[in-house]
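Hi everyone, thanks for coming.

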Amino acid sequence: SIALGQTLFKISNSNFMQFIAEIDETDIQYIKLGQMASISLDAYPNTSFDAKVLRMDVKTRKNDSGGSIVEVVMDLSLGDVRPIIGTSGSADIFVDKRVGEIAVPLDSVLLDDDKNYYVYKIFGEKVTKTKVTVAFEGDEFYGITEGLFDGDVLATGDNFSKLSDGSKISLTKNK
């Protein structure tokens, strides 16, 4: 027995897969049609897939936690991977490409009383207070254009703001 309006089956074209991302309304200003993205699907851990923004909804809706979001649809290139319809995942949409900057975590950069940014570079068992120029501030990192070189090791952590130029330290490595 079949009821009126009941879905019997869905047909999908595995050559044209789409991923729908929920973007916070405050971040939608950075998204444009044609932008590239990297998609991580829960069904395929440690694998990322290329995608491109195809369309954005013209109205917001509330997500499960009550926030306002906009749905963004992306063309998903799975290559030779078998598609699994309905799998969840996350999207990193590339909104800007920064050249000539070194990305450092937000918690490695401090601001002095004169509003100058600085970091503590680690040399052996001591730190050196080094002024840096911040060109970009993201959600997770700063883009530094002056004061750092690729490969510099910086102090971070809960108590590193209590350091001073020449402070002796001990290093611990994260696993």
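So, how exposed is Glu25? Glu25 is partly exposed, because its relative accessible area is 40%, and partly exposed here lies between buried, under 20%, and exposed, over 50% (1.4 Å probe, protein chains only).

Quick housekeeping: this is a predicted model, where local features need pLDDT of at least 70, side-chain atom pairs count only at pLDDT 80 or more, and totals for chains, interfaces and linings use all residues. Residues are numbered from 1 along each chain as its sequence is written, and side-chain values use heavy atoms, leaving out hydrogens and water.

Back to Glu25, then. You'll find Glu25 in the loop between β1 (17-24) and β2 (36-41); strands are DSSP runs of E, at least two residues, numbered from the N terminus. Glu25 also belongs to a surface patch of negative charge, together with Asp24, Asp27, Asp92, Glu137, Asp139 and Glu140. For a patch like that, residues need over 30% relative accessible area and no salt bridge, with like charges joined within 9 Å. A salt bridge, by the way, is a side-chain nitrogen of Lys or Arg within 4 Å of a carboxyl oxygen of Asp or Glu.

Now the rings. The whole structure has 4 aromatic pairs, meaning ring centres of Phe, Tyr or Trp (its six-membered ring) within 6.5 Å; planes under 30 degrees apart are stacked, over 60 edge-to-face, the rest tilted. One of them is Tyr118 with Tyr120, edge-to-face, at 5.6 Å centre to centre and 85° between the planes. Tyr118 is buried at 10% relative accessibility, and Tyr120 is buried at 3%.

Phe136 and Phe141 make a tilted pair, 5.7 Å centre to centre with 45° between the planes. Phe136 is partly exposed at 26%, and Phe141 is partly exposed at 33%.

Notes. Patch = residues over 30% accessible without salt bridge, like charges linked within 9 Å, V, L, I, M, F, W, Y side chains within 5 Å. Areas by Shrake-Rupley, 256 points an atom, 1.4 Å probe, with all protein chains shown as cover. Lys, Arg positive; Asp, Glu negative; His and termini not counted. Charge placed at Lys NZ, Arg CZ, Asp CG, Glu CD. Helix = DSSP H or I, 4+ residues; strand = E, 2+ residues; numbered from the N terminus.
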